[in-house]
Amino acid sequence: MGCGTSVATETQRKIVEPDDTAKTPCPALTMKAAVLIQRWYRRYMARLEMRRRYTWNIFQSIEYAGEQDQLQLSSFFSFMLDNFTQLNENGPDLISQLLDPVVDPWLGRETGYNLIPVPESYSGPRLSFPLSVSDTNSLLGAFKEQQTLHARYVLQLLYETKKLLKQMPNITHLSTSYTNEITICGDLHGRLDDLLLIFYKNGLPSAETPYVFNGDFVDRGKKSVEVVILLLAYLLLYPDYMHLNRGNHEDHIMNLRYGFTREVMQKYKTHGREILQLFQDVFSLLPVATVIDGKILIVHGGISDQTDLDFLSSIERHKVKSALRFPRRSLEKLDIDQSQRQMKRGRSTASSRPSSSCSHIKNQRTPNQRKRRCGQRRQDSTVSTSSSSSSSSSSLCSPRTPSALSPRPCPSSPSMSCNVNVLQVPFLDSLSSVAPPLPLQHDLEWKQIVDILWSDPKTQEGCSPNIFRGGGCYFGPDVTQRLLTRHGLQLLIRSHECKQEGYELCHGGKVITIFSASNYYEEGSNRGAYIKVGRELVPRFYQYQVSHTTRKLTLTQRVRVAEGSALKALKEKLFTHRSELLSGLQQYDHKNTGNVSVSDWAQVFESVLRLDLPWRTLRPHLARLAPDGSVEYKSCFEDMESGIPLPQVTPNMAETLFRYRTDIEIIFNIIDKDHSGLISIEEFRHTWHLFSAHLGVDIDDRAIDDLARSIDFNKDGSIDFTEFLEAFRVVHKLENKDQQLNEKMDGDKYS
């Protein structure tokens, strides 16, 4: 038995061995399979990276377009405030209350906040000043538990912060000789979870852990109040170890558009106005730059070819309440009697003198031009240059003036070149040519602040207007090197731009961008980061991402989620420019077939929207192809519709409402003084008069009255503005179908 078993085993082994040899793969086939797998993986990752990049471009282009719209709206307000009152007796008192608010004497009294009682039922933190570590710890605990600090303590904290900031210089100088490392954080934008995670990973502010927060603490996020209160509390607790730079969102006009004003009024309905006014003062008093060991410069946005740190140290920063607020330059300052002599001198020096008010010449409309498409306004804004600056490299979107005040370019003549630095203003019964005044001290100070808060780096040499954002400038590696050399610096650290990894190096490593708000555009869209700098002045980067779901998603799933959100925002943009897009496309559709070539389709989309996107790559997500390879351009708008249809509203007016929904909301917030969310029919008319002046288009009063009556649902003579805005919100049909299906399933479940 044993031998038999042994023989059987040997025989089996002999049979198996040849089979194993036959199944051994050929090395050449193995290598070929590996190459094919590698090639497939590389193509897969390349496609994923392409999707990730155009998703990022969509998010960033729409964000910057919104900032440009805000700049244009605020510059319109500024022009109205400066000039309209003087030429028209009925001045825009509502706008003046926003841009130049009368400070309540109550705010100047040290005991004012003591007049506000704190009820015994209040369970939040009770602060005592000067603050102690237990106070900041109680704030941290309360905000983690979704509690709100009482208005009395908010006002007192802001008042104490204001007193402290008045004693601080424009540029803060720090040294690493007294500490191990300094931590530098970028934009937070109301993300409390990011701030708490930074404190958890890196430690709370203290003498051992000093911080520099580089602006943009508020707006966009839902916890801006909590974020800025925590930062200010630690500033009061450790003024030598907690340092705050001003960002472009520490600005009360930006706060109107991007959420901070609304958040304050919702959380503090009774004392919201006083709190906002104190925040305005505190923001204007924040230092604008920080220098570490005389070698590292930290500013929020960037620099320009005219940035001068010595001059920046001497300006009165508190006077620039808003970088969006143009320096006052009324027509009374213009010497019309001497205009001819000024023009003669201007012609001889036009080529050598920096432009001072080119932005008033471009981007203006005559009555005939008002009928042209509104999409031209972004195109016009891209050619505007700096107003009242010592250099033409910086820009801020110019105001849209009423037609009676529109500066007009002088007529072209073969024998005389047109001087663009000339204003055509009404004088008696004719137009007079007036040379703008030379920049004043306040103008130069304002420009320095704008460049510091709004500028972005670029790879090309030189300095040029930041036409994409609408404010500040683009500065190249040569501009960076000149400033660093002039002031004996080694490195420039700035924020202001969201980066996918939380940070980015450019200009040969001389410029670092740091951004600390993770998931800025969408869940999983980007990481946050902060920098630590020690005595050797070598920056070290720390990344993180606040998320409860991102870790469970694969890379492909994260890209798909972000891509879907970006395409949704882009389609809403298409819907609000529908008539312009169709008009442009129909010019190429000579036979009225509803189809155009892909190249014509992409060209029209870029010329109208001006978002600088890869339209050919995005085409499969936006429009269908016909069998002949042309684009069925009407398919771009098939899956979108309006929120609540109002039959009384004409299609043209409806599209205007969709497009400028945010601007209307800002104007409404100015008019709604008590922030009740309700306005009267008369206030509604005021909103539209301001809005029509802003757009430079005529809106019939009868149409306004019909619209007001149609949305006064309960016929009480007031309008719920939330319902009005909801009516003019772009809705995606697929989402509606999914929502209706879910509601039906829920109804069946509980029936």
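The protein chain has 27 helices and 24 strands (DSSP runs: H or I of at least four residues for helices, E of at least two for strands, numbered from the N terminus). This is a predicted model, where local features need pLDDT of at least 70, side-chain atom pairs count only at pLDDT 80 or more, and totals for chains, interfaces and linings use all residues. Residues are numbered from 1 along each chain as its sequence is written, and side-chain values use heavy atoms, leaving out hydrogens and water.

Q: Is Glu226 buried or exposed?
A: Glu226 is found in helix α8, residues 224-237. Buried means under 20% relative accessible area, exposed over 50% and partly exposed in between, with a 1.4 Å probe and protein chains only. Glu226 has a relative accessible area of 3%, so Glu226 is buried.

Q: Which residues is Glu226 in contact with, leaving aside neighbours within four places in sequence?
A: Contact means heavy atoms within 4.5 Å. On that basis, Glu226 touches Phe143, Gln147, Leu192, Glu263 and Lys267.

Q: Why do α8 and α10 count as roughly perpendicular?
A: Axes are lines fitted to C-alpha atoms, for helices over the stretch in contact, and angles run from 0 to 180 degrees between N-to-C directions. Angles under 35 degrees are roughly parallel, over 145 roughly antiparallel, 65 to 115 roughly perpendicular, and the rest oblique. The axes of α8 and α10 (residues 260-267) lie 9 Å apart, at an angle of about 90°. So the pair is roughly perpendicular.

Q: Which residues of α10 do Ser224, Val225, Glu226 and Val228 in α8 meet?
A: Those four sit on the α8 side of the contact. Across from them in α10 are Phe260, Glu263, Val264 and Lys267.
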